[in-house]
Amino acid sequence: MASKELFTVPIPSLKSHQGGSIVCTTPEPKVYVLTWTSPPDNRLTPAFNTALITALDIIEFGYPPGVVITKSSISKFYSNGLDLQLAVSTPGFFQNSLYPVFRRFLTYPMPTVAVINGHGFAGGFMLAMHHDYRVFTGTKGYLCINELEFGAPLLPPMSSIFRIKATPRVYRDMVLEARRFDAKTALEAGLIDAIGELDAALNLIKERALVKKGATGAYSLLKAEMYRESVALLDASGDNAVNASDMRAVEEKRKAEGARRFKEWKEKQGGDKAKL
């Protein structure tokens with residue numbers, strides 16, 4: 001289908017990331033498709049996040065309200081999430097770069113649709129979940145929260161969207177088993193709304209008359225109330241913000257106290273002769 005290109009936002013290179021671009025096209029009136037290209041796997045770097053917020057600003061303030069679709073030009077990846085080493089070494093990355101992107105989508109003043117054309121892992125899955133609707137192409141890729149596999153905690157502003165939008169059973173399997181959802185299982189779990197390519201997203205938009213939903217100016221306000229718990233966590237700063245070091249400190253304290261109680265019990269049972 002023919003699409004008209006509206007604008008391009010560059011993604012500057014950053015350390016080991018070569019950069020790329022986000023291109024906005026319009027296949028139908030008031031439907032804005034943001035296609036990102038940031039090889040090799042569309043990591044959510046500070047440069048990527050800034051470019052994405054810029055693209056959303058251009059659409060909101062430069063064009064009539066409609067619907068925003070996001071997708072990747074890299075067939076294997078929607079987004080492979082964070083570059084964790086870069087994220088933790090960049091001061092203020094979470095509060096000043098990542099969370100603002102999530103919040104922008106969560107309360108964006110017009111409907112948003114993620115067309116997931118490949119893997120959406122960790123932060124990439126989170127980004128898709130902060131959209132209003134999701135369409136999974138079904139030909140390749142998985143959705144997965146894999147923090148369990150690389151030993152990282154799931155911070156409250158990251159996990160809250162799954163707690164709100166997924167059932168408790170799906171949430172459990174997702175987090176405590178690092179389950180990988182293909183298109184079929186994601187649809188069964190209620191994580192996506194349809195299986196298909198861009199045309200499936202356009203059909204969803206037409207069937208639900210989504211182009212008209214942002215016209216009254218209430219869309220952002222309604223979403224902010226719907227997801228107020230998540231919005232509050234994404235907005236938290238200073239002493240109110242929970243970070244990985246805080247969570248690890250609590251865990252280390254718990255383990256130290258548990259080890260002390262175990263030692264005391266063992267001594268009461270006769271030292272090494274205690275039966276376990």
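**Exercise 1. Describe how helix H1 packs against helix H3 in this predicted model.**

Solution. 
Step 1. Locate the two elements: H1 covers residues 46-62 and H3 covers residues 93-106.
Step 2. Take the geometry. The helices pack at an angle of about 35°, and their axes lie 10 Å apart. H1 passes H3 in a left-handed crossing.
Step 3. List the residues that make the contact. H1 contributes Pro-46, Asn-49, Leu-52, Ile-53, Leu-56, Asp-57, Glu-60 and Phe-61. From H3 come Phe-93, Ser-97, Leu-98, Pro-100, Val-101, Arg-104 and Phe-105.
Step 4. Sort the residues of this contact by type: 10 are nonpolar, two are polar and three are charged.

**Exercise 2. Work out the strand order of the open sheet of seven strands, and name its edge strands.**

Solution. 
Step 1. Read across the sheet: the order is S1-S2-S3-S4-S6-S8-S10, and the pairing is mixed.
Step 2. Find the strands that pair on one side only. These edge strands are S1 (4-11) and S10 (194-195).

**Exercise 3. Which strands do H1 and H9 lie across?**

Solution. 
Step 1. H1 lies across S1, S2 (20-28), S3 and S4. Its direction is at about 150° to S1.
Step 2. H9 (residues 198-207) lies across S2, S3, S4, S6 (112-116), S8 (133-136) and S10. H9 runs at about 165° to S4.

**Exercise 4. Describe the largest cavity and its lining.**

Solution. 
Step 1. Empty space is found by rolling a probe the size of a water molecule over the atoms.
Step 2. Count the cavities: a search of the whole structure finds one of 30 Å³ or more. The largest cavity holds about 40 Å³ of space.
Step 3. Name the lining: Gln-95, Tyr-99, Pro-156, Pro-157, Leu-233, Ala-236, Asn-240, Ala-241 and Val-242. The elements giving two or more residues to this lining are H3 and helix H6 (156-165).
Step 4. Classify the lining residues of the largest cavity: seven are nonpolar, two are polar and no residue is charged.

**Exercise 5. Describe the largest pocket, and find the element that supplies the largest share of its lining.**

Solution. 
Step 1. The volume of the largest pocket is about 460 Å³.
Step 2. The lining of the largest pocket has 27 residues, and those nearest the centre are Leu-82, Leu-84, Val-88, Phe-94 and Met-158.
Step 3. Find the elements that each supply at least two lining residues: H2 (84-89), H3, H4 (123-129), H5 (147-150) and H12 (244-268). The largest share is that of H3, with four residues.
Step 4. By type, the lining of the largest pocket divides into 17 nonpolar, seven polar and three charged residues.

Methods. Residues are numbered from 1 along each chain as its sequence is written. This is a predicted model: local features need pLDDT of at least 70, side-chain atom pairs count only at pLDDT 80 or more; totals for chains, interfaces and linings use all residues. Side-chain values use heavy atoms; hydrogens and water are left out. Axes are lines fitted to C-alpha atoms, for helices over the stretch in contact, and angles run from 0 to 180 degrees between N-to-C directions. A crossing is left-handed if the near helix is turned anticlockwise from the far one by less than a right angle, and right-handed if clockwise. Contact means heavy atoms within 4.5 Å. Ala, Val, Leu, Ile, Met, Phe, Trp, Tyr, Cys and Pro count as nonpolar, Asp, Glu, Lys and Arg as charged, and the others, Gly among them, as polar. On a 1 Å grid over the protein atoms alone, a cavity is a set of points where a 1.4 Å probe fits but cannot get out, and a pocket is an open set with protein on both sides within 12 Å along at least five of seven lines; lining residues have an atom within 4 Å of a point. Grid points are joined across faces, edges and corners, and a volume is the space filled by probe spheres set on the points. Two strands pair if DSSP finds at least two bridges between them.
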